[in-house]
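Colleague: I am new to reading models and would like to know what stands behind the terms. Please take me through them one at a time.

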Amino acid sequence: MWFFRVRQYSYFTETLMKVDHLIVGQGLCGSLLSRELLRAGRSVLVIDDGAIDASSRVAGGLVNPVTGKRLVRSWMTEKLLPHAEHSYNEIGEELNEQLVKRTSILDFFPTHDAATLFMERVTEDAEYLSGRQNEEQWRDFFRFNYGIGVISPALAIDLGKFLDGWRDKLVERNALIKSKFQVEELIVTTTAVRYRDIESADVIFCDGASAKSNKWFGGLPWSDDKGEALIISVPGLPRDHIYKQGLSIVPWKDDLFWVGASHDWKNPQPGISDTFREATKERLDYWLRLPYTIEAHISALRPANFDRKPFVGFHPIVKNVGIFNGMGGKGISMAPWFAGEFAAHTTEGNLISPEVDVARYKKILERSLS
Ligand SMILES: Cc1cc2nc3c(=O)[nH]c(=O)nc-3n(C[C@H](O)[C@H](O)[C@H](O)COP(=O)(O)OP(=O)(O)OC[C@H]3O[C@@H](n4cnc5c(N)ncnc54)[C@H](O)[C@@H]3O)c2cc1C
């Protein structure tokens with residue numbers, strides 16, 4: 001049973017709302033962390049501006065156990081994938097929504113070399129990779145010349161339903177403020193933080209790509225990576241797989257499909273581009289045999305960093321200012337696990353894994369304060 005303690009105290013004429021943790025941002029990170037803290041019996045107040053171009057609102061929702069052209073296992077995939085599946089299923093039950101689909105990725109080889117490499121990897125890692133399946137059944141849907149490999153299990157997570165459902169839960173409990181957090185109004189003392197009429201033991205920034213302008217964590221090695229995707233309608237395309245050939249076609253809400261994504265970390269300007277739209281259209285025109293229509297074009301900055309590991313924990317000097325961020329392109333699998341670690345650190349004093357503990361950047365964080 002969770003309980004929410006949002007207490008009101010009167011000091012002189014002023015009414016202060018007191019909570020245990022103030023969280024900035026209700027994307028994937030803020031949602032999962034607030035849930036873990038509530039489950040541990042803490043009170044939270046989440047402030048979120050509802051931006052529609054937040055990374056979590058644009059993501060394809062995919063958990064792929066292998067990564068890159070060489071199809072190596074993603075970092076910690078043996079732990080992260082089952083934990084993510086369990087967590088999102090549990091959240092789905094709490095929200096009365098189906099959030100998780102266990103699925104497979106059909107990898108359409110773009111070249112003969114890609115097919116050879118895949119088959120070599122099948123002999124090394126049969127847990128997630130398997131060889132050609134009945135290819136003929138896909139000839140009416142796709143144009144392909146070099147065969148299909150299967151990556152399985154993979155997960156497709158309905159992030160839209162999760163974020164909306166969790167937002168409603170927070171609203172029901174008076175634990176969400178819909179507004180832009182103005183960082184210059186935050187007062188941090190050694191024992192507490194104060195934001196307008198809210199007092200809390202700490203503040204935890206889960207504000208995605210905005211965090212790089214934050215005075216406590218802006219100095220971290222951020223490396224924003226802009227991603228774009230198209231939302232398309234393809235009547236007749238089966239919805240029980242994810243299709244991949246460089247781009248991925250992922251079943252999306254309302255019978256639509258998500259097609260993405262690009263990576264632009266060299267000059268990641270916010271917003272959609274004609275270049276992506278035209279290049280994706282050209283590839284779909286060749287690959288897909290079925291007629292399709294483009295319904296939307298979306299983009300966001302992934303909050304990524306150079307060492308590709310999240311930033312988790314409290315500032316090593318300013319100990320009541322925390323961060324849960326830097327998930328890059330793997331947030332859906334990583335965030336549930338590390339939200340649990342962060343909450344257990346906060347409530348039980350457990351250690352955060354050193355590879356993700358933001359204290360690994362202590363020197364940089366010290367320097368940026370001076
Ligand atoms: C095109 C694309 C495809 C992707 N596909 C996948 C995928 O298939 N699988 C995967 O694992 N990952 C994917 N990702 C990455 C994934 O989206 C991120 O890892 C993850 O969603 C980051 O979550 P977050 O909570 O850190 O940030 P965000 O989602 O950006 O959330 C931050 C929140 O903070 C709020 N906020 C920011 N500043 C303020 C402020 N001052 N005041 C109030 N609120 C504020 C924002 O509105 C937002 O709600 C993809 C990303 C993109 C762009």
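Modeller: Buried residues make up 42% of the 370 residues in the protein chain. This is a predicted model, in which local features need pLDDT of at least 70 and side-chain atom pairs count only at pLDDT 80 or more, while totals for chains, interfaces and linings use all residues. Residues are numbered from 1 along each chain as its sequence is written.

Colleague: What makes a residue buried or exposed?

Modeller: A residue is buried if 20 or more other C-beta atoms lie within 10 Å of its own, exposed if 12 or fewer, and partly exposed in between, with C-beta atoms placed from the backbone. R139 has 10 C-beta neighbours inside 10 Å, so R139 counts as exposed.

Colleague: Where is R139?

Modeller: R139 is in the loop between β8 (129-130) and β9 (148-157). Helices (H or I, at least four residues) and strands (E, at least two) are DSSP runs, numbered from the N terminus. The C-alpha atoms of R139 and R289 are 8.4 Å apart, although 150 residues separate the two along the chain.

Colleague: Why is R73 called partly exposed?

Modeller: R73 has 15 other C-beta atoms within 10 Å, so R73 is partly exposed. R73 belongs to strand β6 (residues 72-73). Not counting residues up to four places away in sequence, R73 touches P65, V66 and D125. Touching, or being in contact, is when the C-beta atoms of two residues, placed from the backbone, lie within 7 Å.

Colleague: How do you know that the protein chain is as compact as a globular protein of that length?

Modeller: The secondary structure of the protein chain comes to eight helices and 20 strands. Its radius of gyration is 22 Å, close to the 21 Å that the globule rule gives for 370 residues, so the chain is as compact as a globular protein of that length. The radius is taken over C-alpha atoms, and the rule is 2.2 Å times the number of residues to the power 0.38. Along the principal axes, the C-alpha atoms fill a box of roughly 75 × 40 × 40 Å.

Colleague: What are the domains of the protein chain?

Modeller: The assignment gives domain 1 (7-57 + 161-222 + 306-369), domain 2 (78-157) and domain 3 (225-302). Domain bounds come from an automatic or database domain assignment. The centres of domain 1 and domain 2, taken over C-alpha atoms, are 33 Å apart. Their contact takes 10 residues from domain 1 and 11 residues from domain 2. On the domain 1 side, α5 (159-172) and α7 (331-348) each supply at least two residues, and α7 gives the most, with five residues. That side divides into six nonpolar, two polar and two charged residues. Ala, Val, Leu, Ile, Met, Phe, Trp, Tyr, Cys and Pro count as nonpolar, Asp, Glu, Lys and Arg as charged, and the others, Gly among them, as polar.

Colleague: What makes a set of residues a nonpolar core?

Modeller: A nonpolar core is a set of buried Ala, Val, Leu, Ile, Met, Phe, Trp, Tyr and Cys residues joined through C-beta atoms within 7 Å. The largest one here has 92 residues, of which L33, I157, F324 and A335 touch the most other members. The largest share of this core, eight residues, comes from α7. Leaving aside neighbours within four places in sequence, F324 is in contact with C29, L33, I204, C206, V312, A339 and F342.

Colleague: How do you know that the ligand lies between two domains?

Modeller: Domain 1 and domain 3 both give residues to the shell around the ligand, so the ligand lies between them. A residue is near a molecule if its C-beta atom, placed from the backbone, lies within 6 Å of it. By that count 41 residues surround the ligand, and the closest are G25, G27, G208, G227 and G331. By class, the shell has 18 nonpolar, 17 polar and six charged residues.
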